[in-house]
Amino acid sequence: MKCKWPSNHVSISSTGKYRPCCAWEENNNQLDVSTNSIEDYLNSDFYNNLMTDMKADRFAIGCTECKWDEEAGVEGMVHHGDERYPDQEEFNLFDMEIKFGNLCNAGCIMCSAYNSSLLNTENKSNPQLEQFRVFSNPLETNWFEDENKFKEIVKFASNARRIRFTGGEPTVNGLLDNFLTHLVEINSNIHIQITSNGGSFSKRLQETLKRFTRVRFNVSIDAYGTANDFIRWPLKWNKIERNVDKMLEYDNITVNIETSLQAGSVDSLPQLINWCEVRNIQWSANSVYKPKHLQPFLAQPHIIEKARSLNNKRINKLLEFNSTQEDHDKLRVMMLDYYDTLSSIRKIDWKECLDV
């Protein structure tokens, strides 16, 4: 098997489509959650063709990010699946990922409208951004507004060992709390995993999470301090820090920090890693491959050398890899033009926030 995820996992994308994992690149032939059951998905041509590729030990059409990880020589989703899942050809639910659309309180510079409603709004008002971003037109998805469908997904997910909630930003509306409130009545021992930017951690959600045995927050932080403020605008570092510290107060909550490593992240890596170590928080990084003009290797040489001094093998590999094999200087000019454009639109000067 090339990858064990499709036989152990189901994901619901931000556009309301079934997919085999969270790294899958959306395709037109995926089934819609609103009009199809999970059984329909598992019996579909899409899934059968996908499993044919996996059994033949080859990547399928939507495995773009994993191809890049393999080329870069880093352990990605395939490796994590090998560690976590049994080797089986027939589907048996181990865990599930759920997105409640693309509603998000952040406009991260490397993200797209597919996963951020804020970026979708910004794109419409600023067409000049199209040259810098992966432009997408997210389809309206409302499967979670159908009470019967909502309960159907809750019931199916309750059979898993773990449920992941990602976004958009899952903590900024009542859907996550509503889902968990239904779920806890069926299975409170299930492992809850929430990927969040750390910008919101409401009292209501805190009370609901107390009812579960095990909760993990994967907090997406890409840089330290004001550098993160620019990359994950309009979030503020001080609020993220307070929310993370609040999460750490709960005995049933574990916090990990996940960095989408890009050129603007590299300079503050030592500070961010130290910040995690002080709090006894596990830190990990994955590369930003798209947009191509934000890749980590585009940071200045002296910044890259400072990061190399951390002696982290994964960081070193990610800093070496250029997924596009395009001209360095051309991509760097495009990156700086993007920063300048964002500074003008968002009224936040990148030169005061980060060194790249």
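## Glutamate 122 in helix H5

Let's start with glutamate 122, which sits in helix H5, spanning residues 117–125. In this predicted model, glutamate 122 is buried, with a relative accessible area of 9%. Looking past residues up to four places away in sequence, glutamate 122 touches Leu129, Arg133, Trp233, Ile345 and Arg346.

## The sheet as a whole

Now for the strands. Eight of them form an open sheet, and their order is E2-E1-E3-E4-E5-E6-E7-E8, with mixed pairing. Strands E2 (18–19) and E8 (282–287) stand at the edges with a single partner strand each, so one side of each has no neighbour in the sheet.

An antiparallel pairing is found between strand E1 (residues 9–12) and E2, which are joined by two bridges. There, serine 11 has arginine 19 in E2 as its bridge partner.

Strand E4 covers residues 162–166, and five of its five residues are buried, so the strand is largely enclosed by the rest of the structure. In a regular strand, side chains alternate between the two faces of the sheet. In E4 both faces are covered: Arg162, Arg164 and Thr166 are buried on one side, and Ile163 and Phe165 are buried on the other.

On one flank, E4 is joined to strand E3 (residues 95–99) by five bridges, and the two run parallel. Isoleucine 98 has phenylalanine 165 in E4 as its bridge partner. E4 also pairs with E5 in the parallel sense, over four bridges, and here isoleucine 163 stands opposite isoleucine 192 in E5. Together, E4, helix H7 (residues 175–184) and E5 make a right-handed β-α-β unit.

Strand E5 (residues 191–196) runs parallel to E6, and six bridges join the two. Threonine 195 stands opposite asparagine 218 in E6. E5, helix H8 (residues 203–209) and E6 make up a right-handed β-α-β unit.

Strand E6 takes in residues 214–220 and is mostly covered, with five of its seven residues buried. E6 also pairs with strand E7 (residues 253–261), in the parallel sense and over six bridges. Asparagine 218 comes up again in this pairing, where it stands opposite asparagine 256 in E7.

Where is serine 200 found? Serine 200 is in the loop between E5 and H8. Its relative accessibility is 18%, so serine 200 counts as buried, the cut-off being under 20%. Apart from neighbours within four places in sequence, serine 200 is in contact with Thr171, Val172 and Asn243. Serine 200 and glutamate 169 are 31 residues apart in sequence, and their C-alpha atoms are 8.9 Å apart in space.

Is glutamate 320 buried or exposed? Glutamate 320 is exposed, with a relative accessible area of 56%, and lies in helix H13 (residues 313–320).

## Salt bridges

Side chains of opposite charge can pair when their charged atoms come close. How many salt bridges does the model have? The count comes to 22 salt bridges. One of them joins the side chains of glutamate 25 and lysine 290, at 3.1 Å from N to O. Glutamate 25 lies in the loop between E2 and helix H1 (38–42) and lysine 290 in the loop between E8 and helix H12 (301–308), so the pair ties together parts that are 265 residues apart in sequence. Glutamate 25 is partly exposed at 32% relative accessible area, and lysine 290 is partly exposed at 38%.

Arginine 204 forms a salt bridge with aspartate 177, and the closest N and O atoms are 2.9 Å apart. Arginine 204 belongs to helix H8 and aspartate 177 to helix H7, so this pair ties together parts that are 27 residues apart in sequence. Arginine 204 counts as exposed at 51% relative accessibility, whereas aspartate 177 is buried at 8%. Glutamate 249 and lysine 246 also meet in a salt bridge through their side chains, at 3.1 Å from N to O. Glutamate 249 is exposed, with a relative accessible area of 56%, while lysine 246 is partly exposed at 26%. Finally, salt bridges with shared partners join Asp95, Arg162 and Arg164 into one network.

Note on methods
Residues numbered from 1 in each chain as written. Predicted model: local features only at pLDDT ≥ 70, side-chain atom pairs only at ≥ 80, totals over all residues. Heavy atoms only, no water. Buried < 20%, exposed > 50% of the residue type's maximum accessible area, 1.4 Å probe, protein only. Pairing = 2+ DSSP bridges. Right-handed = clockwise from strand over helix to strand, strands pointing away. Contact = heavy atoms within 4.5 Å. Salt bridge = Lys/Arg side-chain N within 4 Å of Asp/Glu carboxyl O.
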